[in-house]
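Biologist: I'm new to this one. Could you walk me through it?

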Amino acid sequence: MKRPLRSALSWAVLSPLILTTLLPFAVMISTALKPHEEVLAYPPTWFPRRIAWENFAEMWTSVGFGQAAYNSVLIAVASTLLALLIAVPAAYAMSRLDMRGKAAYRQFLLITQMLSPILLVLGLFRMAASIPFADGTLADTRTGVIIVYATYHLAFAIWMLASYFTTIPGELEEAAWIDGATRAQAVTRVFLPLALPAIAVTGIVTFVASWNEFTVALTLLRDPSRLTLPLKVVNLVAGRYSVEWNQVMAATLLATLPVAIVFTLLQRYLVTGLTLGAVK
Amino acid sequence: MSPAGNHRWAALPWLLIAPSLIMAIGVIGYPFYEIIRLAVSDVSRFGQIRGFNGWDNFARVASDPIFVDALVRTLVWTITVVGGTILLSIPVALVLREDFWGRGLARTIIMLPWSIALSMAAIVWLWAFNADYGMINATLRQWGILAAPLQWMARPETAFPVEVGIGIIVSIPFTVTILLGGLSSIPGDLYEAARIDGARPWQSFLYMTLPMLGPFLNIAIVLNIIHVFNSFSIIWVMTQGGPDNRTHILVTYLYELSFYLGRPGPAAVVSLVVLAIVFSATAAYMWLRERDA
């Protein structure tokens with residue numbers, strides 16, 4: 001088949017899915033830029049007559065976007081760092097060291113994935129509420145959410161990192177040992193610099209997962225000043241009679257765009273990592 | 001081969017994995033223990049355990065019509081979402097493997113839903129399906145398909161299929177990624193050889209592509225089943241299991257039991273039921289894989 005024909009055919013086959021995928025983005029952008037009176041006009045149009053930048057300013061104060069974004073960033077960064085701090089040594093052991101019970105450990109990681117947060121919400125809430133922290137308990141604290149997120153990221157992070165680590169030739173470290181380096185020196189000077197890209201990709205994936213998480217945050221967080229972005233946006237809609245849809249869409253757009261861009265740029269690396277992990 | 005100095009550290013690997021073990025046992029294992037304890041206890045609506053009551057909660061859940069309904073709907077939800085995802089992802093992955101103009105762009109667009117929080121995607125779709133001002137009704141009426149606005153999310157007969165459709169769209173990126181990985185492991189000269197031997201395209205698909213894609217399809221199916229079974233955000237944000245409890249799946253019902261209806265004991269039982277189903281589905285898959293290997 002000639003390339004122009006093949007291209008036309010490929011796009012034709014993909015077009016229903018592509019249009020459906022793009023629809024929510026079009027709706028989001030179109031409504032986020034509409035002035036209030038146009039949102040509730042019939043029939044609705046795709047293009048606003050006037051671009052209503054004020055939606056973003058109004059949404060910023062009505063949502064408390066700044067505080068929510070701070071909470072989201074804090075929770076996502078801290079849970080990612082904590083997960084990496086624990087996952088990198090474990091993945092190193094999995095990919096480099098002889099140990100008995102490696103298969104059992106692998107099984108254990110898989111089982112932790114099946115005990116998904118939604119199944120344990122009651123248990124997680126009761127546990128957090130029973131652990132004293134600051135002047136209350138771990139329930140309704142960002143620290144509690146950080147710890148739960150980090151734990152749930154572990155299996156994925158260890159799996160992903162270990163499959164990358166096995167692709168780094170062990171001979172490089174062995175060469176360092178011959179030159180008199182200890183294991184610790186070989187790890188920090190030879191292994192870690194080579195592993196850095198893999199650690200970065202894994203970190204970004206766990207960051208995005210934390211950034212987008214809903215169930216655990218919904219369960220553990222109550223105080224409006226501690227809510228993350230997804231909770232704030234959902235609260236603008238859930239159980240309300242009048243919803244300011246242009247502000248809701250402005251908030252959704254602002255919360256989604258940065259992450260969507262980063263994710264799109266990194267997609268290629270993600271594909272490699274996932275498939276490496278899949279066939280192992 | 002071992003480095004200078006510390007050869008005698010047989011405990012090293014265990015030291016390295018110990019933090020992850022401790023954390024998983026503490027944060028996943030302990031709540032799991034709590035769930036089991038709640039399931040066999042008489043629990044007040046404020047979570048006070050008043051004593052052991054054996055299978056009482058189980059019996060109460062089994063005779064709860066909303067639970068039975070949600071159980072059936074969970075199976076329908078899982079089968080339709082996973083089935084739809086796989087059926088759509090295979091052709092999409094096959095097309096994306098071809099070399100055509102704008103392939104990078106097509107791939108980026110199809111992967112987009114992956115980067116959005118499910119809760120936020122659900123909000124945007126909720127607005128798109130809004131009866132009075134949503135773009136879907138407006139477009140359908142403009143095209144003459146609908147005469148009057150349809151109250152999509154106010155009726156379970158339309159709300160649930162909409163949620164299934166969204167479930168499929170957000171599951172496609174991950175599935176296509178796995179399948180593309182599988183397709184790239186099939187050497188291209190194999191197709192060349194088949195063509196020279198006179199195989200038609202559908203023959204090479206049926207006898208080469210599908211069998212070699214097998215393990216990847218398996219992984220995609222199992223991971224999707226685990227994920228879709230536990231998928232909470234879409235339904236919770238769009239309909240909260242309503243109207244009239246008729247879009248509940250087990251996980252949304254268990255959340256409602258836990259935090260809205262104040263029935264922690266039965267909620268814990270529902271958790272265990274979901275877990276048992278997910279475990280047996282995964283075990284069955286493992287067994288199938290062992291047998292085929």
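Biologist: Is the crossing of H3(A) and H6(A) left-handed or right-handed?
Modeller: This is a predicted model, where local features need pLDDT of at least 70, side-chain atom pairs count only at pLDDT 80 or more, and totals for chains, interfaces and linings use all residues. Residues are numbered from 1 along each chain as its sequence is written, while chains are lettered from A and ligands numbered from 1 in the order in which they are written. A crossing counts as left-handed if the near helix is turned anticlockwise from the far one by less than a right angle, and as right-handed if clockwise. For H3(A) and H6(A), that makes the crossing right-handed.

Biologist: At roughly what angle do the axes of H3 and H6 of chain A cross?
Modeller: Helices here are DSSP runs (H or I, at least four residues; strands are E, at least two), numbered from the N terminus. H3 covers residues 54–96 of chain A and H6 residues 142–165, and their axes come within 6 Å. Those axes are lines fitted to C-alpha atoms over the stretch in contact, with angles from 0 to 180 degrees between N-to-C directions. The axes of H3(A) and H6(A) cross at roughly 40°.

Biologist: How many Å does helix H8 of chain A span between its end C-alpha atoms?
Modeller: The expected span is 1.5 Å times one less than the number of residues, so a straight helix of 30 residues would give 44 Å.

Biologist: Which helix of chain A has the lowest confidence?
Modeller: Confidence means pLDDT, the predictor's score for each residue from 0 to 100. Chain A has a mean of 89, and 96% of its residues reach 70 or more. Its highest helix is H9 (residues 215–220), at 96, and its lowest, at a mean of 78, is H11 (residues 245–279).

Biologist: Which peptide bond in chain B is cis?
Modeller: Most peptide bonds are trans. With omega near -5°, the cis bond is the one from Gly242(B) to Pro243(B).
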